[in-house]
There are 2 protein chains.
Amino acid sequence: MSKLLDVEDVTARECCAPLNGPAIGEGEAAELAQVFKALADPVRLRLLNLIAASESGEACVCDLTGPFELSGPTISHHLKVLRQAGLITGERRGTWVYYRVMPDAITRLSTFFTLPMAAPA
Amino acid sequence: MSKLLDVEDVTARECCAPLNGPAIGEGEAAELAQVFKALADPVRLRLLNLIAASESGEACVCDLTGPFELSGPTISHHLKVLRQAGLITGERRGTWVYYRVMPDAITRLSTFFTLPMAAPA
């Protein structure tokens, strides 16, 4: 009996030519470059790290401002950039927005950088 | 005369906490952000792809200009940015420079994006 593929699995499989795979087209390169642009900021990297490392898998925006000497609106701006790049998702519950990482987006990046030659023996 | 430290080696050695691991410090975040800044350009992504996908493991700069409607100096600038980020290395042999990817730098990025939670259930 065939097992139905999980949608996330399909996405992960289709998205993810590795860096040393077939030539990346202009469209895909432009789209990937946007994701890396979102990552090209130390505050956004640390925010993404905090969200990904949250024990419950999600982080309240109310806990994301403390570690930085930045205003709430500035943190919100950085979170918006991460969200627009598809790296995190946010859900409002009551007063606060709760963020979690998008596993498919992260898996895509992991696969992109997985080179057979770089694998441990 | 003192021996200069190879910056690229140091970068590769200090690497590899995953995104959902311990808090990323300000210094590491700033350094990683520089790497992502180098990747945040479609032409540089395609150049890195061409170099990584080269059958011999290295690509002559003479083969890297053709696929783009860009001048030689523009391609050279992009290659320099990738080199300064520690993503590729170049070696002059005769007339041409030959580029190869730095496996440690690529492995670092792969590890950074490898989340246990992203594994299929």
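The chat below walks through a predicted model with a chain A and a chain B.

Visitor: Let's start simple: how many helices and strands does chain A have?

Guide: Chain A of this predicted model has 5 helices and 3 strands, and from the N terminus on these elements follow the order α-α-α-β-α-β-β-α.

Visitor: And how much of chain A is buried?

Guide: Of the 121 residues in chain A, 41% are buried. As for its contacts, if we take those between residues at least 6 apart in sequence, 60% of them join residues that are at least 24 apart.

Visitor: What about helix α5 of chain A, is it enclosed or open?

Guide: Helix α5 of chain A, which covers residues 103-112, is largely enclosed by the rest of the structure, because 7 of its 10 residues are buried. Among those buried residues are I106(A), R108(A), L109(A) and F112(A).

Visitor: What comes after that helix, say at P116(A), buried or exposed?

Guide: P116(A) sits in the segment after α5 of chain A, and with a relative accessible area of 62% this proline is exposed. If you compare P116(A) with L87(A), the two are 29 residues apart in sequence, while their C-alpha atoms are 25 Å apart in space.

Visitor: Switching topic: how many residues does each chain bring to the contact between A and B?

Guide: Chain A brings 38 residues to the contact and chain B brings 38 residues. Together the chains bury about 3,000 Å², and 74% of that area is on carbon and sulfur atoms.

Visitor: Which residues are in the cluster with them?

Guide: Ring pairs link F36(A), F112(A) and F113(A) with F36(B), F112(B) and F113(B) in one cluster.

Visitor: Back to salt bridges, where does R108(B) find its partner?

Guide: R108(B) forms a salt bridge with E31(B), and their closest N and O atoms are 2.7 Å apart. Because R108(B) lies in helix α5 and E31(B) in helix α2 of chain B, the pair ties together parts that are 77 residues apart in sequence. R108(B) is buried, with a relative accessible area of 6%, while E31(B), at 27%, counts as partly exposed.

Visitor: What does R93(A) do?

Guide: R93(A) meets E91(A) in a salt bridge, at 3.2 Å from N to O, and R93(A) also lies over the face of Y98(A), 4.3 Å from the ring centre. R93(A) is partly exposed, with a relative accessible area of 35%, and E91(A) counts as partly exposed at 44%.

Visitor: And what sits over the ring of Y98(B)?

Guide: Over the ring of Y98(B) sits the charged end of R93(B), at 4.2 Å from the ring's centre.

Conventions
Residues are numbered from 1 along each chain as its sequence is written. Chains are lettered from A and ligands numbered from 1 in the order in which they are written. This is a predicted model: local features need pLDDT of at least 70, side-chain atom pairs count only at pLDDT 80 or more; totals for chains, interfaces and linings use all residues. Side-chain values use heavy atoms; hydrogens and water are left out. Rings of Phe, Tyr and Trp (its six-membered ring) pair if their centres lie within 6.5 Å; planes under 30 degrees apart count as stacked, over 60 as edge-to-face and the rest as tilted. A charge sits over a ring if NZ of Lys or CZ of Arg is within 6 Å of the ring centre and within 35 degrees of the ring normal. Buried means under 20% relative accessible area, exposed over 50%, partly exposed in between (1.4 Å probe, protein chains only). Helices (H or I, at least four residues) and strands (E, at least two) are DSSP runs, numbered from the N terminus. Contact means heavy atoms within 4.5 Å. Buried area is the accessible area (1.4 Å probe) that two parts lose on being put together, summed over both. A salt bridge is a side-chain nitrogen of Lys or Arg within 4 Å of a carboxyl oxygen of Asp or Glu.
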